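Here are my comments on the model, as numbered points. Please read them with the coordinates open.

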Amino acid sequence: MAKLRKNMNYLHLYIVLAVLLISLLAMNISKIRMQYQIGNGDGNNKKLKQAIRAHINTLEHSIPFALLLWVLSDMQLANEYMAVFSVGFIIIRVMHSYGILAPHFRMRQLAAALCYIFEIAACGTILIKLI
């Protein structure tokens, strides 16, 4: 495994990568809106509905997970764990978005399961550190 920088702030890295992913998904929505000339709503367009769902679902999970990472960072969780939580969660969110947009249902299912596992693991880590 690559050597982790001792002073790397994985919370900051996560925030930057999450915002980039959210922005790319939003740009995809705009591209599809222009392509099909749909100004408002989803125009009952399947491709646009998928793009909107991928964007919203990423927001629904990325923002709460950022709060969990903030708490873990504040609790001074080891850098190695912060790396796994932050980079791993971004990879999972990319997988999930791909699963919605491709569509690749198995990829989406796997990513959803991993997403929940990461969220529960982060919550569990916080609770254990609190006790």
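How are α3 and α4 oriented to each other: roughly parallel or roughly antiparallel? Point 3 takes this up.

1. Basis. This is a predicted model, in which local features need pLDDT of at least 70 and side-chain atom pairs count only at pLDDT 80 or more, while totals for chains, interfaces and linings use all residues. Residues are numbered from 1 along each chain as its sequence is written, and side-chain values use heavy atoms, with hydrogens and water left out.

2. Overall make-up. The protein has 4 helices and 0 strands, in the order α-α-α-α along the sequence. Helices (H or I, at least four residues) and strands (E, at least two) are DSSP runs, numbered from the N terminus. Taken along the principal axes, the C-alpha atoms fill a box of roughly 50 × 30 × 25 Å. Of the 131 residues, 37% are buried; buried means under 20% relative accessible area, exposed over 50%, and partly exposed in between (1.4 Å probe, protein chains only). Among contacts (heavy atoms within 4.5 Å) between residues at least 6 apart in sequence, 64% join residues at least 24 apart.

3. α3 and α4. The two axes come within 8 Å and cross at roughly 155°. Axes are lines fitted to C-alpha atoms, for helices over the stretch in contact, and angles run from 0 to 180 degrees between N-to-C directions. The helices α3 and α4 are therefore roughly antiparallel to each other, given that angles under 35 degrees count as roughly parallel, over 145 as roughly antiparallel, 65 to 115 as roughly perpendicular and the rest as oblique. The residues of the contact of α3 with α4 are 17 nonpolar, 4 polar and 3 charged. Here Ala, Val, Leu, Ile, Met, Phe, Trp, Tyr, Cys and Pro count as nonpolar, Asp, Glu, Lys and Arg as charged, and the others, Gly among them, as polar.

4. α2 and α4. These axes come within 10 Å and cross at roughly 30°, so α2 and α4 are roughly parallel to each other. Residues making the contact include His-61, Phe-65 and Leu-68 of α2 and Cys-115, Phe-118 and Ala-122 of α4. By class, the contact has 10 nonpolar, 2 polar and 1 charged residues.

5. Leaving aside neighbours within four places in sequence, Phe-65 is in contact with Tyr-14, Phe-85, Phe-89, Phe-118, Glu-119 and Ala-122.

6. Loops. The peptide bond from Ala-102 to Pro-103 is cis, with omega near -25°; Pro-103 lies in the loop between α3 and α4. Phi is positive at Asn-44, near 55°, in the loop between α1 and α2. Gln-76 also has a positive phi, near 60°, and sits in the loop between α2 and α3. Asn-44 is exposed at 62% relative accessible area, and Gln-76 is exposed at 69%. Most residues other than glycine have a negative phi, and most peptide bonds are trans.
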